[in-house]
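Work through the exercises below with the model open. Each task is followed by a solution in steps.

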Amino acid sequence: ALPAALAVTVLAATVLAAASLLNLFATMVAPDAHTLIVVSTGLGLTVLTCAGMGRSAIASGALTVLKLGLLAGVAIAGLTASAAPATFPSTAAKPVTALILMFFAFVGFERPTAVAGEVVDARRAVPFALLVGMAVVTALYAGVIAACWRGVPNLALSERPVGDLLGRLFGNDVARGAELAAAVI
């Protein structure tokens with residue numbers, strides 16, 4: 001069992017992450033219907049969760065594959081396109097915002113340990129899965145970061161670096177579609 005302070009921290013991080021992602025999604029999809037989007041999406045995800053572990057696991061797996069594919073596609077597109085390297089900004093960057101985003105990006109690696117009791121040979125499988133998962137995520141994030149360094153000239157000041165990269169490479173419609181897809185998955 002988790003110590004009480006850690007359990008509260010994990011619960012708070014989960015609730016805050018879900019709330020911020022729902023807020024981001026609603027803001028991107030339909031700012032005028034923000035509350036309706038947040039409530040209906042939250043209810044839809046709750047219904048999916050209540051439908052059973054099998055359906056929930058299938059949906060989670062499909063969304064994970066889509067998310068990994070999107071990250072890999074961004075990294076490959078950015079690293080193979082013509083370069084427009086990042087330059088030093090003329091104004092101050094926002095390091096605190098960057099640190100918060102990095103923290104958020106790597107939150108969740110501890111979640112598989114919560115279901116370790118359901119895994120066959122958990123002593124071997126769970127550590128292996130955690131290490132492989134962290135390696136894959138780190139490699140994908142490193143690829144996306146390198147692609148942005150290579151393709152977003154004002155990277156330090158960009159509020160949406162992946163969108164800026166995709167906009168430069170494929171146009172604003174593709175960038176908007178990818179940002180919406182990222183908000184959904």
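**Exercise 1: A residue in a helix**

Task: Find the residues that Glu179 is in contact with, leaving aside its neighbours within four places in sequence, and decide whether Glu179 is buried or exposed.

Solution. Step 1: with those neighbours set aside, Glu179 contacts Met28, Arg160 and Gly163, where contact means heavy atoms within 4.5 Å. Step 2: Glu179 lies in helix H7; helices (H or I, at least four residues) and strands (E, at least two) are DSSP runs, numbered from the N terminus. Step 3: the relative accessibility of Glu179 is 16%, so Glu179 counts as buried. Buried means under 20% relative accessible area, exposed over 50%, and partly exposed in between (1.4 Å probe, protein chains only).

The model is predicted: local features need pLDDT of at least 70, side-chain atom pairs count only at pLDDT 80 or more, and totals for chains, interfaces and linings use all residues. Residues are numbered from 1 along each chain as its sequence is written, and side-chain values use heavy atoms, with hydrogens and water left out.

**Exercise 2: A helix pair**

Task: Describe how helix H1 and helix H7 are arranged, and name the residues that meet.

Solution. Step 1: two packed helices are described by the angle between their axes and the distance between the axes. Step 2: the axes of H1 (residues 4-29) and H7 (residues 172-184) come within 9 Å and cross at roughly 150°. Axes are lines fitted to C-alpha atoms, for helices over the stretch in contact, and angles run from 0 to 180 degrees between N-to-C directions. Step 3: H1 and H7 are therefore roughly antiparallel, the term for angles over 145 degrees. Step 4: from H1, Phe25, Met28 and Val29 meet Arg176, Glu179, Leu180, Ala183 and Val184 of H7. By class, this contact of H1 with H7 has 6 nonpolar, no polar and 2 charged residues (Ala, Val, Leu, Ile, Met, Phe, Trp, Tyr, Cys and Pro count as nonpolar, Asp, Glu, Lys and Arg as charged, and the others, Gly among them, as polar).

**Exercise 3: A loop residue**

Task: Locate Asp121 and state its phi.

Solution. Step 1: Asp121 is in the loop between helix H4 (95-106) and helix H5 (122-151). Step 2: although not a glycine, Asp121 has a positive phi of about 55°. Most residues other than glycine have a negative phi. Step 3: Asp121 counts as partly exposed because its relative accessibility is 44%.

**Exercise 4: The whole chain**

Task: How many helices and strands does the protein chain have?

Solution. Step 1: the protein chain has 7 helices and 0 strands. Step 2: buried residues make up 17% of its 185 residues.

Conventions
Parallel < 35°, antiparallel > 145°, perpendicular 65-115°, else oblique.
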